[in-house]
Amino acid sequence: MNRILVVAEKEIRQLVKSRNIMLSAILFIVVFGIFTGPAALSGADSPEQVMDTLGFYLVLTLGIFMAYLFTAQVFLREKQEGVVETLLCAPLSLRDLWLGKVLGVTIPASILTYFSAVLIIIAGGVFTGYTLVPSAPVLFHIIVVIPLFIAAAAGLLGFVQLILGMRENQILNFVIIFGIIFLISFTRALIGPAFSVTWAVVGAAFGLAVAILLLTAYLTRFLSRERIVITLPD
Amino acid sequence: MQTDEPVIKVTSLGKDFPGRKVLDDLTFSVEKGEVFGFLGPNGAGKTTTMRILLGLLLPTTGSATVLGSDLSINDEARKRVGVLMENNGLYDRLTARENLTYYARLYDVARPAERVAELLDFVGLTDRGDDLVGKYSTGMKRKLGIARAILHEPEIVFLDEPTSGLDPEAQHRVRELILGLSQEGSMTVFLNSHNLDEVQRICSRVAILHQGRIRALDSVRHLTAAGKKTGFSVTLADPSQAGEAGRILSSIEGIEDLSGKGSILQMGLSAVSSHDVIAALVTGGILVEEARIQRRSLEDIYLDVMRQAGGGEV
């Protein structure tokens, strides 16, 4: 079996067994999936347009949150506990290790994010009384673009967590948490009622996700075992 | 790799971190099948040396090769090396079997399930193989860590404080495991330890490190035999002969630091053999009940080296 897949499989197995983390993820999805949708749909915009906007930014934000939550388990926790030092002695290149971990985060985070999208659609339907199906660009965005964003976020965060010390990582965590709360709370107001999700918007999002992912993959060239080891906690 | 090439070759190795020199001009080699002890106080540079050998840190000066390769640039060569760091490298949320299977796959072990079962049996953890490692005791984790380190049958294994945190019985079992690896499997063992008694029992050669420099490097037998005089004690059958025995011993050249307490006389032998001393006493009519050579322990050597080098915490 390819070593990247071996690492990915181990990460998924470990995440699924982490009850507290899975519980936090599901709780987050349920709370935001059930309550944010109906709240937004109570506004003046047409329900279809609101559903598209939610499908675009809320599901994306939840996906990035899943990536953040799981990345901390997969990259940072391994560093905190010192296990990564043993792993660095294995016959595995740093890029393969990084890629395996990114894959191990992306698969469960995407599944949970799909679940959150379904919840938002169901909750919106129940609240408005009729079936709300996102438009084709939004469906493409949810099915294809968001997993790419999850991979990009996991890749970038994982890379940063590997090269930073524990204190810097703590600061980074605070910034990310507040950023996500900000995104969930204010994005809709910032983008305004005139915003509509078109193929051009989804295409731009797709391009951005691919660019971040490629950039981070390129940056892994600069990862070194020494950098990881000297930033391990004492 | 040629058979006569050392398994580990370190040449003029130096390592600087910002504002401090951690290693200074280290040169040593380790031959195939040796159990090599690497000793030193905290902060001496033991872990840094081990990390450089494992390719986790890059040397500032000099070079370090393991099995003829620089592990920092040769991922495939890592397959021939086993490692047990202070942290066992185990995942608490996976079972022992899952942990070993993960590493078996990473190291391309043939028939991983069979090999994992064999190693669980080897370290006596077959019955607990499907328990989460998070529920294991420190000793069980350490044994599982050793199993993980030798899972892929490496040619050399690096062990960092393998018995630390273990109770005496578990320490004994781990020491037997290590000796077994070296004797039966002809595996080379690089042992990083604070435990001098352990090193003396299982290592064939040692290096003593202090403030980033090697202060002693030799076989345990040579280190404990060389240098200072051999300690020697004589127990007399009749304590009233102590004065006469003292006079005889004082007249023998090569006896130093003679002292006595009751029927026991203690001395250091520098230029005279224990046989000659006993012969002189018996010829002088002294009844000797027991005579004992007091060999210097590795701990004595270590403390001497530390004193000469300017102190340090053991």
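In this predicted model, helix H2 (residues 96–106) of chain B and helix H4 (residues 138–150) of chain B have axes that come within 9 Å and cross at roughly 25°. Because angles under 35 degrees count as roughly parallel, H2(B) is roughly parallel to H4(B). The contact involves B:Ala96, B:Leu100 and B:Tyr103 on the side of H2(B), and B:Leu144, B:Ala147 and B:Arg148 on the side of H4(B). Sorted by class, this contact of H2(B) with H4(B) holds five nonpolar residues, no polar residues and one charged residue. The crossing in which H2(B) passes H4(B) is right-handed.

In chain A, helix H3 (residues 47–80) packs with helix H6 (residues 136–163) at an angle of about 30°, and their axes lie 8 Å apart. That angle makes H3(A) roughly parallel to H6(A), and H3(A) passes H6(A) in a right-handed crossing.

| Helix pair | Nonpolar | Polar | Charged |
|---|---|---|---|
| H3(A) with H6(A) | 19 residues | six residues | two residues |

Chain B also contains paired strands. Strand S1 (residues 8–17) of chain B runs antiparallel to strand S2 (residues 20–30) of chain B, and seven bridges join them. One of the residues in a bridge is B:Phe17, whose partner in S2(B) is B:Arg20. S1(B) and S2(B) form a hairpin with two residues between them, and in the turn B:Gly19 has a positive phi of about 85°.

Key: Residues numbered from 1 in each chain as written. Chains lettered and ligands numbered in written order. Predicted model: local features only at pLDDT ≥ 70, side-chain atom pairs only at ≥ 80, totals over all residues. Heavy atoms only, no water. Axes fitted to C-alpha atoms, helices over the stretch in contact; angles between N-to-C directions. Helix = DSSP H or I, 4+ residues; strand = E, 2+ residues; numbered from the N terminus. Parallel < 35°, antiparallel > 145°, perpendicular 65-115°, else oblique. Left-handed = near helix turned anticlockwise from the far one by under 90°. Contact = heavy atoms within 4.5 Å. Nonpolar A, V, L, I, M, F, W, Y, C, P; charged D, E, K, R; others polar. Pairing = 2+ DSSP bridges.
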